[in-house]
Amino acid sequence: MGKELPTFLLPFLVSVLLVGSQGDSNAALDNVVTERMAEESHRQDSAYLLIFIMLLTLTILTIWLFKHRRVRFLHETGLAMIYGLLVGVILRFGIHVPQSMSDVILGCAVNASPATLLVNVSGRFYEYTLKGEVTPGSGHQDDEMLRKVTFDPEVFFNILLPPIIFHAGYSLKRRHFFRNIGSILAYAFLGTVISCFVIGLIMYGFVSFMKVVGQLGGDFYFTDCLFFGAIVSATDPVTVLAIFNELKVDVDLYALLFGESVLNDAVAIVLSSSIVAYQPAGDNSHSFEAMAVLKSLGIFVGVFSGSFALGVATGVMTFTKLRDFPLLETALFFLMSWSTFLLAEACGFTGVVAVLFCGMTQAHYTFNNLSPESQDRTKQLFELLNFLAENFIFSYMGLTLFSFQSHVFNLLFIIGAFVAIFLGRAANIYPLSFLLNLSRRNKIGSNFQHVMMFAGLRGAMTFALSIRDTATYARQMMFSTTLLIVFFTVWVCGGGTMPMLSFMSIPVGVDSDQENSSSAVLDGSQRRSTKQESAWPFRIWYNFDHNYLKPLLTHSGPPLTATMPACCGPLARCLTSPQAYENEGQLHDNDSDFILNDANVSSMYADVTVSTDASGSRTVNPKPRGTPFNDSLDHELSQPDQDVAIHGTRLVLPMDDPVEPPITQRERHV
């Protein structure tokens, strides 16, 4: 028999068993409560996401109605913002979540708000993360609901912005873009910097006045004013360009606006990053220091150059050979394109710049290697993603006006911001247009300049840059003011595009594929010389790209064996694919149109000229292989308007009626 336990130990053992069983029951109860809370949170998150899906659905249906009724005073983006505003009002003032009985509010005096908090509850540690400051006087559950419909700013940069920026580069009409490349670069780079500093200086004057009259509730430095100038200098005339595309407005005006908006987004984001990186030596981090300015300038050049090189490199490397499997080919193309943005951000560069030039490079090289099915799929895929992401952002803007918890609205700052962006846009467009017209053969007319001034809308990029950091008083005021600027420019300037075009007598109905611009027609339908329109660096680049890069990276254009020197014959044969020989002399895109005049379409590597007269006879004139590029280009430019190059052969077709009518069959028998 075993030994009996002492009597004095029995109460202790009973208490231990009771405590153990009670601890197990408490743990099980906690697990049940946790599962229920997780399930409830899942349902709430699904309902919040459903709100955004319904917003997009309602926007699409209304867009169809507007297109059916030919309504042009309100664009789809402005419509999405209105729907977002309505939903934001309902969520903010119409829905109140009842207070949960399980919530416990405890007071604790700390000097800072930790990002992560470990709480010891009966010997079990729980981790809590910081979600933000609770608005005084409001219900905690209401704040939690509004906080859940407010997305993390990184969602915009990593998920929503890449397809928008990539689509801008991938769908770029390169022929008209490169025809105006000098003016576009001037507006995008020099104009954005001018606009940034003009806005920054004007806002610094308003901020100083606000500080004097006691209307400033926190710190606001000159670097903050420059940062505000950088983010609101990013134009997004999506409304205007959509109307331009629908009405077929002058192709040069469209190219100037579209090219500027595409590139100045990239310039604005790098410029804002350089301003944030400004750190002078000493205790005062906002004082002026020449070395710190030069360092910020170096950061701007380095980040932009690195992002550009990374985007071009990944765009060149992502050509595929999965032509037999279009689905896999499209999937790989999509993933490699998106990874360019993330790779640039991970390397410390700017993903917006990288993915923009990746899209332009892939449209120039990779697109030619895709199968016909993949070419159609990629165009439609990125067009769809761009449409959904853009409308989602604009609808979210309207919602954020009421769901954001830390708005700071200041009337003086808002008035100063509107004055500053107007003067900054004017300082960008008018002086640069005057300087550009000194060397442009096709002048930028005053009516074009007024439309470009009016079309300086702010949109997705400005919003994304302003919402990325709202921790300080200055950034919160910038974000609230930026929202109002976006609303005003999209609704007022976007809605006034049609009256503006009519008032400025801008011609519409111009075919984007025709080579005669309406502005040239108004000047007397004169032929613009390509040698004077295209700068010599671009002519040299086109020669190198056409003779070496295109044959190496794509299957279009002449094979390397026809363009490289004879001494490099073995290397040329090794680098030339069999498909390149099959497609020899074929032109797969409109790259040759970059440097051709407005009334002439021909190929730089057309090996044979076939002249056909009215009687049907033809003359074949082969072009010597050893003809220098400049002589060949001059020969191309000297051809009459009837020359057309198709698949490596120039067809010289008679455009005028012959002097004598052709002999009919009856006349021959007579």
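Predicted model: local features only at pLDDT ≥ 70, side-chain atom pairs only at ≥ 80, totals over all residues.
The secondary structure of the chain comprises 26 helices and six strands. Of its 670 residues, 46% count as buried. Among contacts with a sequence separation of 6 or more, 78% join residues 24 or more positions apart. The number of disulfides comes to zero.

Two packed helices are described by the angle between their axes and the distance between the axes. Helix H6, spanning residues 181–212, packs against helix H7, residues 222–231, at an angle of about 135 degrees, and their axes lie 7 Å apart. Angles over 145 degrees would count as roughly antiparallel, so H6 and H7 are oblique to each other. The crossing of H6 over H7 is right-handed. On the H6 side, the contact is formed by Cys 196, Phe 197, Ile 199, Gly 200, Leu 201, Met 203, Tyr 204 and Val 207. H7 contributes Phe 222, Cys 225, Leu 226, Phe 228, Gly 229 and Ala 230. Sorted by class, this contact of H6 with H7 holds 12 nonpolar residues, two polar residues and no charged ones.

H7 also meets helix H17, which covers residues 473–495. Here the axes come within 11 Å and cross at roughly 30 degrees. Since angles under 35 degrees count as roughly parallel, H7 and H17 are roughly parallel to each other. H7 passes H17 in a right-handed crossing. The residues of H7 in this contact are Asp 224, Phe 227, Phe 228 and Ile 231; their counterparts in H17 are Ala 474, Arg 475, Met 478, Thr 481, Thr 482 and Ile 485. The class count for H7 with H17 is six nonpolar, two polar and two charged residues.

From H11, the residues in contact are Glu 329, Phe 333, Ser 337, Thr 340, Phe 341, Ala 344 and Glu 345. They meet Gly 351, Val 352, Ala 354, Val 355, Cys 358, Gln 362, Thr 366 and Asn 369 of H12. By class, the contact of H11 with H12 has seven nonpolar, six polar and two charged residues.

It is worth looking at individual residues around this pair. Leaving aside residues up to four places away in sequence, Thr 340 touches Gly 311, Thr 314, Ala 354, Val 355 and Cys 358. Of these neighbours, Ala 354, Val 355 and Cys 358 are among the H12 residues in the contact with H11. Cys 358 is itself buried, at a relative accessible area of 0%. Cys 347, by contrast, counts as partly exposed at 48% relative accessibility.

Thr 350 sits in the loop between H11 and H12. At 6% relative accessibility, Thr 350 falls under the 20% limit and so counts as buried. Its contacts, again without residues up to four places away in sequence, are Ile 269, Val 270, Val 303, Ser 307, Ala 344 and Glu 345. Ala 344 and Glu 345 belong to the H11 side of the contact with H12. Thr 350 and Ile 269 are 81 residues apart in sequence, while their C-alpha atoms are 7.7 Å apart in space.

Asp 324 is found between helix H10, residues 290–317, and H11. At 70% relative accessibility, Asp 324 counts as exposed.

Ser 505 has a positive phi of about 55 degrees although it is not a glycine. Ser 505 lies in the loop between helix H18, residues 497–503, and helix H19, residues 518–522. With a relative accessible area of 54%, Ser 505 is exposed.

Key. Residues numbered from 1 in each chain as written. Heavy atoms only, no water. Disulfide = S-S within 2.5 Å. Buried < 20%, exposed > 50% of the residue type's maximum accessible area, 1.4 Å probe, protein only. Axes fitted to C-alpha atoms, helices over the stretch in contact; angles between N-to-C directions. Helix = DSSP H or I, 4+ residues; strand = E, 2+ residues; numbered from the N terminus. Parallel < 35°, antiparallel > 145°, perpendicular 65-115°, else oblique. Left-handed = near helix turned anticlockwise from the far one by under 90°. Contact = heavy atoms within 4.5 Å. Nonpolar A, V, L, I, M, F, W, Y, C, P; charged D, E, K, R; others polar.
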